[in-house]
Amino acid sequence: MIKINIKYNFDNTIDRRNTYSRKWDPEILKEMFGRDDLLPLWVADMEFRVAKPIEDAIINRANHPIYGYSKRPESYYDAIVEWINKRFDYKIEKEWIMYTPGVVPAINYIIQAFTDEKDSIMIQEPVYYPFRRSIENNNRNVVNSPLEFDGEKYNINFKDIEEKIQSENVKIFILCSPHNPIGRVWTKAELEKLGNICLENNVLIMADEIHNDLVYEGHTHTMISSINKDFEMNSITCTAPSKTFNLAGMEASNIIIPNSEFREKFQQILDLNNIGFQNPLSIAAVESAYREGEDWLEQLLKYLQGNIEFIEEYLNKNLPKAKFIKPQATYLAWIDLRKYEGNGEILENKIINKGKIALNGGTWFGKDGEGFMRLNFACSRSMLEEGLKRLSKAINE
């Protein structure tokens, strides 16, 4: 990877109003929360300017006045292969990489390719809510094996997973790794146990690893398909530069499928939906991110770690009964507010109408999230402080 020595200022607050931002758009805030005068710390994109090399790559491509149909060059795939090898010590092949315009579309395509209507698919709530929505929208059966919260961290209930896989005839296990919203980085031992259960019961693992680069010191992300050949041949891994490099609007995901039979099935669904072309600015952005964005990412992680410490200190002082589940990964704070208000609807109403802040309610992630809130802390320290002040006001008044 090319090392670019640029000092980035993550304390700078950038005005995103009037940029068609879904996170900040008044009409969307009104639709989602009932009012438009809210500080938005909900949608999982960042308030930070992208790395300078990425910005330059987009501008350079935009300077060419024709934006026609484009193909991904070999260098695009090389950049992804090299990134994964360096960051996760995992050697993948170029032909394993398949393009989709996002991980959520990929989840839907995988469901369509590998299951039939009424088949069962397992998730672990509280979890990223499009998982359940994608399963239900495709007329499949949701099987939930809830994560167990011991008051400090969340754990996997392997016995429950195995029993439900067998009793409900589960076809796909959707693994969120690292986990959104709880911020857990699953250990290699946990992933091995899970992978073996799925192998023994002929269950395909679909791993959403979109947050795999956003892991904090003391923790190591393991790509489940990298553990052994059997797992590799039984896994589809969804990755993207969108969370890592704040490129969600570029709509580019890299779906890694080592199993050639699986790739063929998946390609059939992509062809059916006419998925393949990628916009030229996106191609430039993705390749630049993986080739020249590492220095920016390392600086970002240090800043985000500081934000985690700031949240912990602020809550201890101002909302001492709140339980902050310190994330091992992601830029999403999962906060247990049940000792203040256990009713999710009442809690969310207070935060919206008293605090005037837009957060993701815990119930969005399943009934096991009631009384929790998810706060996006990928923003300047000053914006984060304002958000926490509003949260404290909503709870304490």
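Residues are numbered from 1 along each chain as its sequence is written, and side-chain values use heavy atoms, with hydrogens and water left out. Because the model is predicted, local features need pLDDT of at least 70 and side-chain atom pairs count only at pLDDT 80 or more, whereas totals for chains, interfaces and linings use all residues.

Arg-374 lies in strand 15 (residues 372-376), strands being DSSP runs of E of at least two residues and helices runs of H or I of at least four, numbered from the N terminus. Arg-374 is buried (under 20% relative accessible area, 1.4 Å probe, protein chains only), and the nearest side chain of opposite charge, that of Asp-45, is 9.0 Å away. A polar contact of 3.0 Å joins the side chains of Arg-374 and Asn-180 (a pair of N or O atoms within 3.5 Å, one able to donate a hydrogen and the other to accept it; residues adjacent in sequence count only if both atoms are side-chain atoms), while the backbone oxygen of Trp-42 lies 3.1 Å from a polar atom of the Arg-374 side chain.

In helix 13 (residues 344-353), the residues Gly-344, Leu-347, Glu-348, Ile-351 and Ile-352 are buried. Viewed down the helix axis, the buried residues fall within an arc of 130°, so they line one face of helix 13, the arc being that of the directions from the axis to the C-beta atoms. Asn-343 caps the N-terminal end of this helix, with a side-chain oxygen 3.0 Å from the backbone nitrogen of Glu-345.

Glu-47, in the loop between strand 1 (39-40) and helix 2 (52-62), counts as buried because its relative accessibility is 4%. The side chain of Glu-47 makes polar contacts with the side chains of Lys-23 (2.8 Å) and Trp-24 (3.2 Å).

Note on methods
Buried means under 20% relative accessible area, exposed over 50%, partly exposed in between (1.4 Å probe, protein chains only). Lys and Arg count as positive and Asp and Glu as negative; His and the chain ends are not counted. A salt bridge is a side-chain nitrogen of Lys or Arg within 4 Å of a carboxyl oxygen of Asp or Glu.
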